Amino acid sequence: MIRGIVRFVDRRSGSAPFLRKTLRYLFPDHWSFLLGEVALYSFIVLVATGVYLTLFYENSTAKVVYHGPYAPLQGEEMTQAYRSVLDISTTVKAGLLIRQTHHWAADIFIAAIVLHLLRIFFTGAYRKPRELTYWIGLTILMVSLLEGFLGYSIVDDLLSGMGLAIAYGVAMSLPFVGANVSALIWDGPFPGKHDFYSRMYIAHVFLLPALIAVLLTVHLALVAMKHHTQFRSGPRQSERKVVGVPTFPGQTPRSLGLLFAVAGVLFLLGGLVQINPIWLWGPYHTYLSTNGAQPDWYLGWLIGGLRLVPGFDLVIGDYTLVPNPFWGGAAFPLVVFLFLYLWPWIERKLTGDYGYHNLLDRPRESPLRTAVGWALLTWVFLVFVAGSSDRAYVLFNVPYIPQIWAYRVLAFVAPPVSGLIAFWVCRELQAGERVERRRKRAEEEAEAAEAAV
Amino acid sequence: MGRAKDALISGIVLLLRRRKPRPLGPGERERVVPPAPDNPGWELTAVLLLLAGAACAIAFVVVYVLDRLPAHTQLLGLSLGLSLLFIAAALIVTAHRLIVTEELEDDYPVLEHPEEQELIVQVVEDSGLTRRRLLKLALLTAGGALTAAVLTPIASLGPAVDLVRFYATPWRRGTRLVDEHGKPYKASDIEEDNFYTAFAEGSDKEALPSSLVLVRLPKGSLKLPRELAHYAAEGIVAYSKICTHAGCAISLYRAPLFQPDEPTPALVCPCHYSTFNPADGGTVTFGPAGRKLPMLPLLVAPNGELRAGGNFDQPVGPSWWGVRERKPRT
């Protein structure tokens with residue numbers, strides 16, 4: 001039976017050598033190598049649940065009056081888009097489960113990508129010959145941020161609308177072309193025409209997912225072509241030899257197990273932990289907003305950036321050049337991503353290391369990289385936390401304005417300080433290991449001498 | 001005693017010695033994958049986990065059909081999630097206990113192929129195409145022109161050049177201020193320490209320049225600059241409801257109810273907490289907004305209705321490159 005299938009496929013495609021290689025492709029083992037896989041499996045859940053949701057979602061801004069089972073919105077005027085998502089959440093059987101699982105999967109998808117990125121960065125996995133893989137990974141992250149944002153924007157509840165208003169403010173603030181670009185995207189001034197919703201919809205359900213899928217395929221192909229990186233966990237691992245478990249039989253049940261575990265956790269979350277209860281927010285109108293609104297976690301750093309920038313527009317007389325949202329909403333993330341894109345090149349220039357690397361560093365083994373990465377992480381994380389300062393005000397009664405001033409100062413002071421501390425810690429850990437090694441060698445020598453006597 | 005010791009040692013040596021590969025019997029072949037460990041206990045565990053997974057999957061279908069159950073979504077999520085997790089557990093038991101975990105070595109591929117690189121360069125060069133400069137130039141021209149042509153329809157996406165409409169507002173001298181249901185506001189409707197949303201009568205309420213916030217300030221607290229002094233009417237001031245920072249609605253009015261904390265009334269946008277002073281024409285007192293809130297001149301008609309005295313003193317909504325921070329021409 002197996003022989004028959006293999007023969008059939010090989011005779012018609014000649015792919016037996018390739019299949020055999022694939023079956024015996026080696027996966028080095030370390031828990032942190034699973035983070036990328038978690039992202040991949042979340043993406044699979046996203047596509048599956050997303051396709052289901054498109055079967056019910058109505059992409060229309062036509063106004064309807066709500067007469068559904070959710071009493072508080074009875075008789076309220078809203079768009080068909082919002083009404084259809086209300087229906088998914090109330091009348092469609094299993095609709096709420098799928099919708100909440102979709103939302104959780106999006107949050108975890110991006111969280112897994114970010115953790116995966118941290119792993120790649122701090123172990124130096126992006127180094128030659130894997131820069132292309134790294135750049136494509138960064139691009140997937142950027143596209144995913146936009147994809148996630150569009151996902152909760154097309155629902156057209158109050159939070160969606162507030163998010164879109166901010167996106168409009170940031171788009172308008174782009175130097176030279178802000179108003180022109182916004183007019184193109186929204187088909188005129190905010191809130192735009194109905195075709196703006198068609199654009200968001202096709203981007204969210206087709207263009208961006210297809211782009212992510214293509215990038216993901218190239219990302220994985222590039223990984224496989226060069227084989228995985230590995231830690232130097234024993235004498236067998238080297239720059240030339242990879243040590244690992246083959247795809248089949250070893251890795252397959254492990255990876256499938258992880259796929260099922262990720263999907264299981266996502267459906268448990270989707271069923272048991274409420275997320276984005278849109279019926280509570282109500283429909284959006286440009287003249288409405290609500291206090292304490294928080295975006296999905298992965299946009300927290302942008303909210304923080306927008307809130308921290310002091311109040312100024314760049315103007316000459318009464319002629320505006322660069323409006324304020326540009327700094328926190330566009331320049332800040334662009335600088336972070338630009339730095340991440342350029343980092344492999346910067347590191348090569350700084351260290352003069354142009355060689356191939358298949359072995360990973362532990363963070364302590366490259367104090368410079370760890371310090372730089374830690375400083376960047378501190379910066380982004382601080383701004384992210386600053387995005388929740390209004391929550392800190394409500395929950396812990398910390399006055400808002402002093403908080404903002406503290407974050408403004410910390411955003412400049414904390415990154416270099418934490419970078420220096422990281423550098424020092426790496427050095428100390430290395431020194432500690434050297435002492436340990438020397439002690440061990442001395443002990444062995446002493447033992448050998450004793451034995452000789 | 002010595003015998004026993006010898007036997008023990010030889011036994012250990014025999015056990016430790018790598019077993020010589022058994023000669024292959026007829027019909028047998030050499031193994032590629034070493035034999036899996038025999039683990040009946042774990043096999044039973046995996047089988048039970050898979051059956052539990054199946055049971056939960058069936059439970060999901062049952063819950064789906066019985067839609068009268070309370071906590072329907074929770075039960076659906078629980079049954080499907082547990083089903084997936086049981087199967088995951090079975091797979092992980094399989095991976096670690098029922099199949100062999102080989103630790104194999106392989107070579108990292110050599111990535112550089114200098115000869116191939118050279119060949120590619122040669123093929124391109126030998127084709128002769130790279131040397132025909134005029135042809136290259138013409139190709140570039142054609143390519144560039146065609147790209148431009150194909151990109152032109154993007155202009156249909158929106159009025160990208162016509163930026164005048166970003167200044168357009170529905171407010172003229174005499175435009176009535178109405179509430180959400182279209183009922184005109186009277187000056188006497190506006191109470192102190194309260195906050196009202198108004199719209200230009202007959203306008204699209206969703207358009208950014210349509211909505212206003214109305215507040216009445218305590219007597220004597222108005223400190224409007226000279227050019228805006230006539231904008232207030234009977235202590236009532238009107239501002240655009242759209243924040244000049246990022247376009248959210250300004251829906252917080254901080255009247256000084258808690259004296260020592262908050263000394264002055266303030267209009268606050270809940271998105272990024274830009275804070276504007278309604279008493280002095282809408283200047284920014286805190287937060288990221290880069291310019292003042294647009295103020296609308298107010299009139300009180302003889303019948304007590306609130307009317308606009310003209311257009312705003314500033315463009316409405318988020319700023320852009322080239323916007324003038326002054327009264328838009330109408």
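In which sense do strand S2 and strand S3 of chain B pair? In this predicted model, the two strands, S2 (residues 177-178) and S3 (residues 196-200), pair in the antiparallel sense over two bridges. Strands here are DSSP runs of E with at least two residues, and helices are runs of H or I with at least four, numbered from the N terminus; two strands pair if DSSP finds at least two bridges between them. B:Val178 has B:Phe199 of S3(B) as its bridge partner. S3(B) also runs antiparallel to strand S4 (residues 211-216) of chain B, to which four bridges join S3(B). There, the bridge partner of B:Phe199 is B:Ser211 in S4(B).

The model is predicted, and local features need pLDDT of at least 70, side-chain atom pairs count only at pLDDT 80 or more, and totals for chains, interfaces and linings use all residues. Residues are numbered from 1 along each chain as its sequence is written, and chains are lettered from A and ligands numbered from 1 in the order in which they are written.

Chain A is divided into domain 1 (26-285 + 292-352) and domain 2 (362-453), with bounds from an automatic or database domain assignment. The centres of the two domains, taken over C-alpha atoms, are separated by 28 Å. In domain 1, 16 residues are in contact (C-beta atoms, placed from the backbone, within 7 Å) with 21 residues of domain 2. On the side of domain 1 that touches domain 2, helix H5 (95-122), helix H12 (300-308) and helix H13 (325-351) of chain A each supply at least two residues. The largest share, seven residues, comes from H12(A).

Technical notes. Contact = placed C-beta atoms within 7 Å.
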